[in-house]
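Visitor: I would like to go through the labels used for this model and hear the grounds for each.
Guide: Then let us have the model in view.

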Amino acid sequence: MPIKLQDLRRKIYIKAKAEPEWRFWGIYVHVCKMETLEEAYKLTKKSKGAPGIDGMTFESIEADGLEKYLQQIRHELITKTYSQNRNRRKEIPKSGGKFRKLNIPCIRDRIVQIALKLILEPIFESDFQKGSYGYRPKRNAHEAVQEVTEAAIKGNTKVIDVDLKSYFDNVRHHILMEKIAKRINDKEIMRMIKLILKTGGKRGIAQGSPLSPLLIPIPITWDNN
């Protein structure tokens with residue numbers, strides 16, 4: 001990750017951690033920077049996702065000119081003419097004959113979502129609980145098991161097992177947006193998030209969306225306040 005972008009993310013995190021009530025404004029400009037979009041493209045390509053509904057591949061993008069491609073995205077973001085394509089739907093078999101519905105965005109839309117995530121992640125990471133491991137960067141199941149083991153050794157043996165049925169499919173957009181607004185006071189950021197959510201339908205968060213892992217924990221973050 002470029003040093004300037006790393007420094008920006010670090011400063012955002014420090015500010016968010018120091019002032020839990022602060023609502024960030026004027027951050028949309030950072031989403032639109034070429035530096036952010038270039039890093040978002042690298043991360044998108046690294047994930048090796050399948051093409052979206054437009055059939056566009058990384059090879060075809062680079063053959064036609066990556067810089068030109070990213071400059072076009074940047075222009076649409078700056079001029080507020082960007083609109084998201086429909087997601088490509090795919091069903092993945094689960095146990096019991098059920099299916100998990102995946103929504104695969106186009107590469108272009110994945111780049112924009114990751115650019116958003118790069119700027120928003122430090123804010124919401126500062127609010128998540130220390131013991132929270134689901135969908136968190138640089139955290140994994142092994143670390144969660146280790147924390148549970150250490151808690152058990154200390155005598156904390158009571159377990160509460162809760163499973164939110166079809167949580168991805170049933171998140172209410174208005175509730176999520178209200179929670180996000182507790183930290184974000186930037187109308188363009190809010191407009192972009194709303195645009196991304198609506199592409200997946202009237203309710204729920206699209207599984208397969210790069211922004212989903214960040215958005216999913218937000219509705220329950222402040223419920224104890």
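The questions below take the labels one at a time.

Visitor: What kind of model is this, and how many helices and strands are in the protein chain?
Guide: The model is predicted. The protein chain has eleven helices and two strands. From the N terminus, the order of elements is α-α-α-α-α-β-β-α-α-α-α-α-α. Of its 225 residues, 39% count as buried.

Visitor: Why is aspartate 127 called buried?
Guide: Its relative accessibility is 14%, and buried means under 20%. Aspartate 127 is therefore counted as buried. It lies in the loop between helix H6 (107–125) and helix H7 (141–153). Aspartate 127 and alanine 16 are 111 residues apart in sequence, with 7.9 Å between their C-alpha atoms.

Visitor: What makes glutamate 76 a buried residue?
Guide: The cut-off is again under 20%. Glutamate 76 has a relative accessible area of 14%, so the label buried applies. This residue belongs to helix H5 (residues 66–78). Leaving out residues up to four places away in sequence, glutamate 76 touches Thr81, Tyr82 and Arg108.

Visitor: Why is the pairing of glutamate 76 with glutamine 72 called a polar contact?
Guide: The limit for the N or O atoms is 3.5 Å. The side chains of glutamate 76 and glutamine 72 are joined at 2.9 Å, so the distance falls within that limit.

Visitor: Is histidine 30 buried or exposed, and how do you know?
Guide: Histidine 30 has a relative accessible area of 17%. Because that is under 20%, histidine 30 is buried. It is part of helix H2 (residues 28–31). A polar contact of 3.1 Å links its side chain with that of lysine 33. Not counting residues up to four places away in sequence, histidine 30 touches Leu8, Thr36 and Ile119.

Visitor: How do you know that strand E1 and strand E2 are paired?
Guide: Pairing needs at least two bridges. Six bridges join E1 (residues 88–93) to E2 (residues 99–104), so the two strands count as paired. They run antiparallel, and glutamate 91 stands opposite lysine 101 in E2. E1 and E2 form a hairpin with five residues between them. In the turn, glycine 96 has a positive phi of about 80°.

Visitor: How many aromatic pairs are there, and what makes tyrosine 41 and phenylalanine 58 edge-to-face?
Guide: The count comes to one aromatic pair. Tyrosine 41 and phenylalanine 58 have ring centres 5.8 Å apart and planes at 75°. The centres lie within 6.5 Å, so the rings pair, and the angle is over 60 degrees, so the pair is edge-to-face. Tyrosine 41 is in helix H3 (residues 34–46) and phenylalanine 58 in helix H4 (residues 58–64), 17 residues apart. Both tyrosine 41 and phenylalanine 58 are buried.

Visitor: Which residues touch the most other members of the largest nonpolar core?
Guide: The core has 49 residues, and those touching the most other members are Leu77, Ile111, Leu120, Ile123, Ile180, Ile184 and Ile189. H6 gives the most to this core, with eleven residues. Beyond its neighbours within four places in sequence, isoleucine 189 is in contact with Ile27, Tyr28, Val31, Leu116, Leu120 and Ile184.

Technical notes: Residues are numbered from 1 along each chain as its sequence is written. This is a predicted model: local features need pLDDT of at least 70, side-chain atom pairs count only at pLDDT 80 or more; totals for chains, interfaces and linings use all residues. Side-chain values use heavy atoms; hydrogens and water are left out. Helices (H or I, at least four residues) and strands (E, at least two) are DSSP runs, numbered from the N terminus. Buried means under 20% relative accessible area, exposed over 50%, partly exposed in between (1.4 Å probe, protein chains only). A nonpolar core is a set of buried Ala, Val, Leu, Ile, Met, Phe, Trp, Tyr and Cys residues joined through side-chain atoms within 4.5 Å. Contact means heavy atoms within 4.5 Å. Rings of Phe, Tyr and Trp (its six-membered ring) pair if their centres lie within 6.5 Å; planes under 30 degrees apart count as stacked, over 60 as edge-to-face and the rest as tilted. A polar contact is a pair of N or O atoms within 3.5 Å; within protein, one must be able to donate a hydrogen and the other to accept it, and residues adjacent in sequence count only if both atoms are side-chain atoms.
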